[in-house]
Each structure stands twice: as structure tokens, then as C-alpha cells.
Amino acid sequence: MGTSNGSSTTDFILLGFSDRPQLEHIISVVVFIFYIITLVGNTTIILVSYLDTQLHMPMYFFLSNLSFVDLCYTTSIIPQMLVNLWGPKKSITYGGCVLQFFFALDMGATECLLLAVMAYDRYAAVCQPLHYTVIMHPELCQKMVLTAWLGGLGSALILCSLTLKLPRCGHQEVDNFFCEMPALIKMACVYSKVIEVVVFALGVVFLLVPLSLILISYGVITQAVMRIKSAARWQKILNTCGSHLTVVSLFYGTLIYMYMKPHTSTLQDEGKFLTLFYTIVTPSLNPLIYTLRNKDVKSAIKRILWIKKNGQQSHELSGKIRV
């Protein structure tokens with residue numbers, strides 16, 4: 001790569017929203033708020049799922065993995081984005097760009113598979129309640145999560161190696177707020193049919209196939225729910241399944257729109273704001289959607305807070321007695 005204005009040959013320029021400087025400060029505040037919500041919300045879910053023994057179930061095991069994915073996903077993007085939005089420089093080192101690119105692909109693909117795994121868990125819980133503990137035994141749950149992580153890792157390695165080999169002919173400007181694959185491919189000075197085919201094939205594997213399985217699972221779940229006569233159980237199933245379907249709709253909808261349609265048909269500004277939505281907004285909404293609609297999680301948080309409060313009171317009381 002060539003240099004530009006004396007900058008390092010390893011630097012890329014993240015253009016982000018620099019064509020709309022009046023929006024940068026507003027976007028930075030919104031992004032910062034959503035990032036804090038993401039950190040607090042997903043960390044809470046992980047801690048509550050670990051600390052409360054009543055949540056030691058497959059659903060919350062998968063949910064805590066989903067929260068960890070969201071934490072890694074946003075942390076690989078937002079800190080650098082905020083630095084660029086707040087400071088005069090928009091640069092990122094080549095190594096930093098590669099890491100952003102890799103982690104975004106890895107975490108995104110892993111989340112696609114995890115959401116499909118969670119749909120299967122809900123199918124087993126609703127449609128096979130008497131055999132649920134046998135079907136979703138701990139060993140199977142661990143293997144399913146491991147498969148999701150390895151699948152995401154494999155797809156990221158393939159796409160990273162193919163994309164980074166493309167000649168850039170000195171181009172340094174990434175027309176996005178982070179190093180995302182469509183923007184990096186756009187920087188290349190040659191057209192690669194191989195990458196187009198691989199991206200489409202992996203899009204089918206990680207987007208269309210999991211989404212189809214999710215929709216089939218919920219089709220069967222809907223039929224099962226319609227036969228339930230208990231209003232309380234019916235409402236509980238709707239709450240947990242509704243939360244998962246909301247997350248699926250938000251995440252898959254924007255990803256499919258971005259990755260499974262010709263890049264020329266998506267306006268650049270439209271693409272940036274869609275990317276902003278599924279990389280920053282959706283991870284912050286996941287914990288809110290699950291906790292607000294899930295009585296088990298809310299009850300677990302209350303139990304942990306109650307235990308902590310009473311533990312502190314007991315400690316203070318024992319201290320007074322000793323005095």
C-alpha cells in the first residue's frame with residue numbers, strides 16, 4: 001500500500017459519518033449510551049445465569065453464551081468508533097482493522113448459529129416437555145455451543161483470508177465506521193468472483209438455513225401452543241418464545257438485507273445506518289428483551305439482590321455484636 005499525507009503504510013482511514021459532521025456528535029452520544037446498556041445488560045445476564053442455581057438450565061446456558069458473543073462483538077467495534085468520532089483522526093492500524101474484521105465476522109456467524117440452537121431448545125421444551133431433560137442433556141448443550149463457536153471461527157478465517165488477499169492498489173479509505181467486509185471488498189481494485197460465491201454460500205449456511213430452521217421450529221411450537229389449555233403455561237411459553245423471536249427478527253432481518261442482496265442495490269448511507277443497527281442497537285436490546293419479558297430472569301435478579309442485601313445486614317449486625 002502507498003502512503004497518504006505521510007501516514008503510516010499500515011493505517012486505514014475509517015470514513016464513518018465524516019460526510020455528515022453535524023451528526024457525528026449526536027451519533028457518538030447515542031452509541032456510547034447503547035454501549036453502556038450493552039455492557040451492563042449482557043454482563044448482568046451472564047452473572048445471574050451463573051449465580052442463580054434455578055437458572056442452570058439449557059435456555060440460560062445458551063442465553064449467557066449469546067450475551068458473551070454480544071459483549072465481544074460490540075467491544076471489538078465501539079471503542080475504536082468512539083475514538084474516531086470524538087477525535088480529529090479517523091485512522092486505524094492495519095492490525096486493528098484485521099482484528100475488527102475478524103471478530104465481527106466470527107461473533108456475527110456464531111450468533112446466527114446460537115439463535116438457531118436456542119430455537120431448537122424452545123422446540124424441545126414446548127413440544128417434548130416430558131423428554132426435555134433427556135433431549136437437552138448438558139453434554140449435547142455443550143457440543144451445540146461448541147459447534148456454533150467453531151462454525152463462526154471457521155467462516156471468519158475463510159472470509160478474512162480471502163478478503164485480505166485482494167489487492168487494494170494503495171486505497172486506504174474504508175467507507176464505513178469499522179472494518180466490515182463489504183467496505184473492505186469495495187476498496188479492492190479487482191473484482192473477485194470467488195469471494196462473491198463464498199459470501200453467498202456462507203450466507204446460505206449461516207443466515208438462510210438457521211433462519212429456516214428457526215421458522216420451522218416456531219411453526220411446530222405454534223401448533224403445540226394452540227393445543228395448550230393452561231392459560232398460565234400458555235402465557236409463559238409466549239413470553240420466552242416471543243423474546244427469542246423478537247431478537248431473531250431484529251438480527252436476521254438486517255443481516256439478510258445487508259449480505260444477501262447485491263451490494264449495488266444498497267445505498268452507502270443506508271448501509272451504514274443498517275450496520276449501526278445490527279452491530280450496536282441489537283446487542284443492547286437483547287438483554288432488555290429477554291429480561292423484560294422473562295419472569296425467571298427478573299425473579300433471579302431479585303433473589304440475588306435480596307441475598308446480597310441480607311448478607312450485608314447480617315455482616316453489619318455481627319460486627320455490632322462483637323463490639
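View 1. Over residues 60–78 the chain is 89% helix and 0% strand, with end C-alpha atoms 26 Å apart. Residues 98–123 are 100% helix and 0% strand, and here the end C-alpha atoms lie 38 Å apart. Both spans are among those that UniProt, in an unreviewed entry, lists as "transmembrane region". UniProt positions follow the numbering used here, feature names are shortened, and annotations may be inferred rather than shown by experiment.

A word on the model: this is a predicted model, in which local features need pLDDT of at least 70 and side-chain atom pairs count only at pLDDT 80 or more, while totals for chains, interfaces and linings use all residues. Residues are numbered from 1 along each chain as its sequence is written, and side-chain values use heavy atoms, with hydrogens and water left out.

**View 2. The whole protein has eleven helices and three strands.** Helices (H or I, at least four residues) and strands (E, at least two) are DSSP runs, numbered from the N terminus. Of the 323 residues, 45% are buried; buried means under 20% relative accessible area, exposed over 50%, and partly exposed in between (1.4 Å probe, protein chains only).

**View 3. A nonpolar patch sits on the surface.** Patches are made of residues with over 30% relative accessible area and no salt bridge; like charges are joined within 9 Å, and nonpolar side chains (Val, Leu, Ile, Met, Phe, Trp, Tyr) within 5 Å. Helix α1 (residues 21–51) gives the most to the patch, six residues. Val 40 is in helix α1 and is exposed, with a relative accessible area of 52%.

**View 4. The largest cavity holds about 300 Å³ of space.** Four cavities of 30 Å³ or more occur in the structure. A cavity is a set of points, on a 1 Å grid over the protein atoms alone, where a 1.4 Å probe fits but cannot get out; lining residues have an atom within 4 Å of a point. Grid points are joined across faces, edges and corners, and a volume is the space filled by probe spheres set on the points. The largest cavity has 21 lining residues, and Leu 105, Ala 109, Leu 159, Leu 255 and Tyr 259 lie nearest its centre. Two or more lining residues come from each of α4 (94–127), α6 (138–164), α8 (193–226) and α9 (231–259). Helix α4 gives the largest share, six residues.

**View 5. Glu 24 and Lys 90 form a salt bridge.** A salt bridge is a side-chain nitrogen of Lys or Arg within 4 Å of a carboxyl oxygen of Asp or Glu, and the count comes to five. In this one, the closest N and O atoms are 3.0 Å apart. The pair links distant parts of the chain, 66 residues apart: Glu 24 in helix α1 and Lys 90 in the loop between α3 (78–86) and β2 (91–93). Both Glu 24 and Lys 90 are buried.

**View 6. Lys 193 and Glu 196 pair within helix α8.** Their closest N and O atoms are 3.9 Å apart. Lys 193 and Glu 196 are three residues apart in the helix, so about one helical turn separates them. Glu 196 is partly exposed, with a relative accessible area of 40%.

Terms used:
Accessible areas come from the Shrake-Rupley method with a 1.4 Å probe; for residues, only the protein chains shown count as cover. On a 1 Å grid over the protein atoms alone, a cavity is a set of points where a 1.4 Å probe fits but cannot get out, and a pocket is an open set with protein on both sides within 12 Å along at least five of seven lines; lining residues have an atom within 4 Å of a point.
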